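Thanks, everyone, for making the time this morning. I would like to walk through one chain, starting with its overall organisation and then turning to a single position.

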Amino acid sequence: MSNKEYRPTLAQLRTFVTIAENKHFGAAAAKLNISQPSLSQALVALETGLGIQLIERSTRKVIVSPVGEELLPLARATLEAADAFVTRSRGALGVLSGPLTLGIIPTLTPYILPDFLKESGKHYADLKPQIVEEQTPALLEQLRDGSIDVAILAVPTGHTGMRESVLFRERFVVVTPEEHPLAGRRDLTLADLRELDLLLLDYGHCLRDQIIDLCRVAQMSNPGNGEYSTRASSLTTIMQLVVAGLGCTLVPESAVATECTRPGLGLATFAPSVSAERTIGLVARPSSARAAEHQALGELITRAHTEVIQRSRSVVAS
């Protein structure tokens with residue numbers, strides 16, 4: 001029987017949400033940085049106060065009860081509202097103040113981060129951004145479980161249950177060895193990709209999937225599986241392989257100013273009429289009460305990207 005006077009604490013609700021999302025007591029305790037007994041006690045106190053079972057326990061697995069599934073979105077929304085309350089109280093002088101954990105994909109982070117931090121410091125001095133660089137699947141998982149507040153990645157993600165808003169689109173640039181026949185061209189078509197032995201990032205990077213999709217449109221077979229197939233984890237490594245003459249690659253335009261100024265590289269661009277680009281967006285939980293802050297954050301990211309693109313286009317034109 002429930003206690004009508006009982007009101008759960010935020011810590012108890014966070015315990016329930018973390019267990020429900022991880023389906024494992026040990027993993028939930030580690031994420032919350034508390035002991036497993038303390039985790040169990042907090043859940044028991046919550047269930048006892050409400051008079052219902054939220055989590056079914058067994059020796060093999062953890063199952064969220066039907067009523068637990070029904071209450072889980074409300075618990076998440078309560079935690080979101082509490083976090084927004086604290087953040088807004090810290091930022092009473094304006095939007096974007098206090099801590100904000102921002103997830104960004106690795107093929108964007110190193111190129112826009114310096115300009116983003118400069119812009120945020122200029123316009124929102126009280127903002128304390130915490131950057132998490134991960135591949136898309138990890139960022140979406142961390143977004144779901146509340147480890148990060150918002151993610152900047154390629155959209156659409158294909159995952160339901162998230163709020164996505166487009167920030168900008170950026171074109172791909174072809175990077176070749178300096179003496180390659182395509183180097184310096186400004187009128188490439190997708191069919192020209194068939195002439196390239198493409199070097200791609202390792203599995204899990206959304207940039208790899210985007211380039212493969214372009215290759216499929218160009219009816220190119222087995223992209224990235226040529227004589228010198230690689231398992232590189234960064235564009236910097238890919239660039240070194242291109243300099244060594246082991247193949248060619250495609251990079252987003254924002255990466256050009258940082259990655260493509262080293263000797264031995266040639267650049268080529270697609271004709272303006274060719275659709276060869278990726279779309280970057282801001283992804284957030286729909287239950288988040290920080291939509292206004294997310295909009296301001298998106299504007300900062302877009303402004304930083306514009307600065308980077310201007311530098312990259314200067315490199316391409318030189």
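What you see is a predicted model, and I will begin with its contacts: counting those with a separation of 6 or more, 75% are between residues 24 or more positions apart. In secondary structure, the chain has 10 helices and nine strands, and its C-alpha atoms fill a box of roughly 80 × 50 × 30 Å along the principal axes.

The domain assignment divides the chain into domain 1, covering 10-91, domain 2, made up of 98-167 together with 279-317, and domain 3, covering 169-277. Taken over C-alpha atoms, the centres of domain 1 and domain 3 are separated by 45 Å.

Is His-205 buried or exposed? Its relative accessibility is 5%, and because the cut-off for buried is under 20%, His-205 counts as buried. If we set aside its neighbours within four places in sequence, the residues in contact with His-205 are Pro-106, Gln-135 and Ser-233.

That is where I will stop, and I am happy to go back to any part of the model.

Notes. Residues numbered from 1 in each chain as written. Predicted model: local features only at pLDDT ≥ 70, side-chain atom pairs only at ≥ 80, totals over all residues. Heavy atoms only, no water. Buried < 20%, exposed > 50% of the residue type's maximum accessible area, 1.4 Å probe, protein only. Contact = heavy atoms within 4.5 Å. Helix = DSSP H or I, 4+ residues; strand = E, 2+ residues; numbered from the N terminus. Domains from an automatic or database assignment.
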